[in-house]
Amino acid sequence: MTFEKFLFYFFAAMVIFAGLMLITRRNPVHSALFLVLAFFNAAGLWMLMEAEFLAIALVLVYVGAVMVLFLFVVMMLDINVAEMKPGCFIKYLPVGILIALTMVVEMVMVVGPKHFGLDIYASPVPHAPGYSNTDELGSMLYTTYMYPFEIAAVILLVAIVAAIGLTLRRRPETKYQNPSKQVLVKRDDRLRVVKMPSESKMELK
């Protein structure tokens, strides 16, 4: 076994291990950390495919920015891990198995023996020193895969709005302003003129 194959199986095994730990941990913070581990090992797989830009983007963007956002959302949701029901995992296990089997069937259909392998897709050919996969990625992303790229951007926007909506919860002890009621306020509702008789200086003393 060559060194490249050893690295491939190592990174692939670590991605599978991190994915399993991600869905089996009860603590959401631990799950987010295992997702970081999966991202790092997936970046190693991209490096083996000579896609350096994707590997660096995966580490800098997803690990450095998106995962920090995930952790902030998890913290702001204020999930009480101690009160989580122990039977939640067993309760949703059949649905999870069904979704996992569906994804496995789809992956086999895409990367099965008839459509994927060393005889069909050989190892990447080493490029010249002046080759830039960033230019190639940009040209493919904004020409051939333009619509999937835009759809992914809309899905991420919906996810961000949903995360913000989950964190904005009303607390009874907190006072909030209602602009619609503020603009309808009249002067007589806020100001009361009180007429008092004048007092002389002797009475004040």
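In which helix does asparagine 41 lie? Asparagine 41 lies in helix H2, and the legends below take this helix and others in turn.

The model is predicted, with local features requiring pLDDT of at least 70 and side-chain atom pairs counting only at pLDDT 80 or more, while totals for chains, interfaces and linings use all residues. Residues are numbered from 1 along each chain as its sequence is written, and side-chain values use heavy atoms, with hydrogens and water left out.

**View 1. The whole protein chain is made of 10 helices and zero strands.** Helices (H or I, at least four residues) and strands (E, at least two) are DSSP runs, numbered from the N terminus. Read from the N terminus, the elements run α-α-α-α-α-α-α-α-α-α. The chain has 205 residues, of which 13% count as buried; buried means under 20% relative accessible area, exposed over 50%, and partly exposed in between (1.4 Å probe, protein chains only). Accessible areas come from the Shrake-Rupley method with a 1.4 Å probe, and for residues only the protein chains shown count as cover. Among contacts (heavy atoms within 4.5 Å) with a separation of 6 or more, 61% are between residues 24 or more positions apart.

View 2. Leaving out residues up to four places away in sequence, asparagine 41 touches Phe11, Met14 and Val15. Beyond its neighbours within four places in sequence, serine 31 is in contact with Leu22 and Arg25.

**View 3. The largest nonpolar core has 10 residues.** A nonpolar core is a set of buried Ala, Val, Leu, Ile, Met, Phe, Trp, Tyr and Cys residues joined through side-chain atoms within 4.5 Å. Its members are Ala32, Leu35, Val36, Phe39, Ala42, Ala43, Ala55, Leu58, Val63 and Met67. At least two residues of this core come from each of H2 and H3. The most comes from H2, which gives six residues. Phenylalanine 39 counts as buried, at 17% relative accessibility. Apart from neighbours within four places in sequence, phenylalanine 39 is in contact with Leu58, Tyr62, Val63 and Met67.

**View 4. Seven aromatic pairs are found in the whole structure.** Rings of Phe, Tyr and Trp (its six-membered ring) pair if their centres lie within 6.5 Å; planes under 30 degrees apart count as stacked, over 60 as edge-to-face and the rest as tilted. The rings of phenylalanine 17 and phenylalanine 34 are edge-to-face, because their planes stand at 80 degrees, with centres 6.3 Å apart. This pair links distant parts of the chain, 17 residues apart: phenylalanine 17 is in helix H1 (residues 3-24) and phenylalanine 34 in helix H2 (residues 28-48). Phenylalanine 17 counts as partly exposed, at 40% relative accessibility. The rings of phenylalanine 39 and tyrosine 62 have centres 5.4 Å apart and planes at 55 degrees, so this pair is tilted. Here too distant parts of the chain are linked, with phenylalanine 39 in helix H2 and tyrosine 62 in helix H3, 23 residues apart. Tyrosine 62 is partly exposed, with a relative accessible area of 38%. One aromatic cluster is formed by Phe3, Phe6, Phe10 and Phe11.

**View 5. Leucine 71 belongs to helix H3 (residues 52-76).** With a relative accessible area of 25%, leucine 71 is partly exposed. Its contacts, leaving aside neighbours within four places in sequence, are with Val29 and Ala32. Leucine 71 and serine 31 are 40 residues apart along the chain, and their C-alpha atoms are separated by 10.0 Å.

**View 6. Glycine 96 and methionine 107 both lie in helix H5 (residues 93-111).** Glycine 96 is partly exposed, at 36% relative accessibility. From C-alpha to C-alpha, glycine 96 and isoleucine 23 are 9.6 Å apart in space, and 73 residues apart in sequence. Methionine 107 is partly exposed, with a relative accessible area of 47%. Methionine 107 is one of the residues of a nonpolar surface patch with about 940 Å² of accessible area together, and the others include Val95, Ile99, Met103 and Val111. Patches are made of residues with over 30% relative accessible area and no salt bridge, with like charges joined within 9 Å and nonpolar side chains (Val, Leu, Ile, Met, Phe, Trp, Tyr) within 5 Å. A salt bridge is a side-chain nitrogen of Lys or Arg within 4 Å of a carboxyl oxygen of Asp or Glu.
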